[in-house]
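Please keep the sequence and the coordinates in view while reading.

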Amino acid sequence: MSLVRLNIKGISYSQTQNGAYALILNEIDGERKLPIVIGAFEAQSIAIALEKEIKPPRPLTHDLFKNFADRFSIVVKQVIIHKLVDGVFYSSIICERDGLEEIIDARTSDAIALALRFKAPIFTYKAILEKAGIFLKTSPGKKKKISDAEEAILEELIMGEDTESAPKKSEDFSKFTNKELNAMLDEAVANEDYERAASIRDQISKRE
């Protein structure tokens, strides 16, 4: 199967679904785009890697992985989006150490965040691009910008949950008392549901 090289066109934020971002990959020698819905943390990590001027005061998770790999002479050679099943993209990270090549399974968003930090190329198979690729009109000179028309198309994709990991729909916590919210917050933390815990904490903070 032939590989198609991709680059990052931009990241679009969903105005209707809280915490959902669409990462847009563009085939280098064509006009098709591959949209992948990702979470807020991964979107932030990718955006920071794209914006060279932004330097977090402490290493993010993907920065830590890069530092760890550098220390032990591990190099990410390339990332391949190799499978699409029920709207979920699967990727492999091709690594090399001491001349030996290893293939590591990864979420596509994590793989791309690492590819950016290692300056590694991103590929997918032609069959995947033919199945999931879409045509979006590109404005000349605006490689990282998403037009209003593109936003509307991406919103439909996000709401349809054509995604590597569909984000949860936001809950309405406004109807609960502070006592109930604090109990729910403790439960969310105990269950390691940190996304829900953050939403509950935000609701509590609004009342203070």
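**Strand pairing and helix packing**

Ile24 stands opposite Pro35 in strand E3. The model is predicted, so that local features need pLDDT of at least 70 and side-chain atom pairs count only at pLDDT 80 or more, while totals for chains, interfaces and linings use all residues. Residues are numbered from 1 along each chain as its sequence is written, and side-chain values use heavy atoms, with hydrogens and water left out.

Strand E2 covers residues 21-27; strands (E, at least two residues) and helices (H or I, at least four) are DSSP runs numbered from the N terminus. E2 pairs with E3 (residues 32-38) in antiparallel fashion through six bridges, pairing requiring at least two DSSP bridges between the strands. Four residues lie between E2 and E3 in the hairpin that they form. E2 is also joined to strand E1 (residues 3-13), again antiparallel, by seven bridges, and Tyr21 in E2 is the bridge partner of Tyr13. Of the seven residues of E2, six are buried, that is, under 20% relative accessible area with a 1.4 Å probe, protein chains only.

Turning to the helices, H1 (residues 40-50) packs against H3 (residues 108-118) with the axes 9 Å apart and at an angle of about 15 degrees, the axes being lines fitted to C-alpha atoms over the stretch in contact and the angles running from 0 to 180 degrees between N-to-C directions. H1 is therefore roughly parallel to H3, a term for angles under 35 degrees. In the contact (heavy atoms within 4.5 Å), residues of H1 including Ile46 and Leu50 meet residues of H3, among them Ile112 and Leu116.

Methods
Buried < 20%, exposed > 50% of the residue type's maximum accessible area, 1.4 Å probe, protein only. Parallel < 35°, antiparallel > 145°, perpendicular 65-115°, else oblique.
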